[in-house]
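Thanks for coming, everyone. I would like to walk through a few places in this structure, so please take a moment with the sequence and the model before I go on.

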Amino acid sequence: MQGKNSEKSGERRTQAERRAETRKALLDAARALIVEKGYAETGTPEIVKAADVTRGALYHHFADKADLMRALVHQESEAIAAEINSQTNTGQTPLDAFMSGASAYFSAMSVAGRARIMLLEGPTVLGLSEMAEIDRQTGGATLLEGLRHAANHGALKDIPLEPLADLLSSAFDRAALAIANGGDRKAYEAATRKLLAGILADWQSALMS
């Protein structure tokens, strides 16, 4: 009995692995085509062909092309958040933590095609509201955590953190898009540091007093 159960368990794992491989193939194919041609110009038959799966497999994993785009945005957003989390920690000063996070964000967004997916195609397909919700669930949460870290150190007095996070997120997105299009990253990082230092001025003044 144990042998049969183990065999069945092994079969289930194999099926799960096959499903994961199919899903990955669809996401990889969709990503490459959308980055190259744009969402509107990419058809599901092309995605299925590039992924080397059946049309039924596509609709087994995703409700439609927009749902596939949604999964792609989640995937990219989670990768961005992981990069930021790997470069920041609560032992850093607020300014250093913010700058580490900003630099990590710019690096993450420099991955080929990511800026187009996250800043151009994603908002067009899913809308700003859903993109903001995905951001809050993943990358945006790291920015808000950074603001709370700064507030715990005496900065940002009387400033509502969530609206500030929205404003900073927009600024970082604009810089990331410019960098992805060939802009001077060092110049944008210098401007980012100046912006953040201004926002954290109360905390810095307290340190020097």
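Thr42 sits in the loop that joins helix H1 (2–37) to helix H2 (44–51), where helices are DSSP runs of H or I with at least four residues, numbered from the N terminus. This is a predicted model, in which local features need pLDDT of at least 70 and side-chain atom pairs count only at pLDDT 80 or more, while totals for chains, interfaces and linings use all residues. Residues are numbered from 1 along each chain as its sequence is written, and side-chain values use heavy atoms, with hydrogens and water left out.

Thr42 counts as buried because its relative accessibility is 2%, buried meaning under 20% relative accessible area with a 1.4 Å probe, protein chains only. Setting aside residues up to four places away in sequence, Thr42 touches Leu33, Ile34, Lys37, Ile47 and Lys65, contact meaning heavy atoms within 4.5 Å.

Now to the helix pair. Helix H9 (residues 161–180) packs against helix H10 (residues 185–199) at an angle of about 165 degrees, with the axes 10 Å apart; axes are lines fitted to C-alpha atoms over the stretch in contact, and angles run from 0 to 180 degrees between N-to-C directions. H9 is therefore roughly antiparallel to H10, a label for angles over 145 degrees. On the H9 side, the contact is made by Leu164, Leu168, Phe172, Ala175, Ala178 and Ile179.

Key. Helix = DSSP H or I, 4+ residues; strand = E, 2+ residues; numbered from the N terminus. Parallel < 35°, antiparallel > 145°, perpendicular 65-115°, else oblique. Buried < 20%, exposed > 50% of the residue type's maximum accessible area, 1.4 Å probe, protein only.
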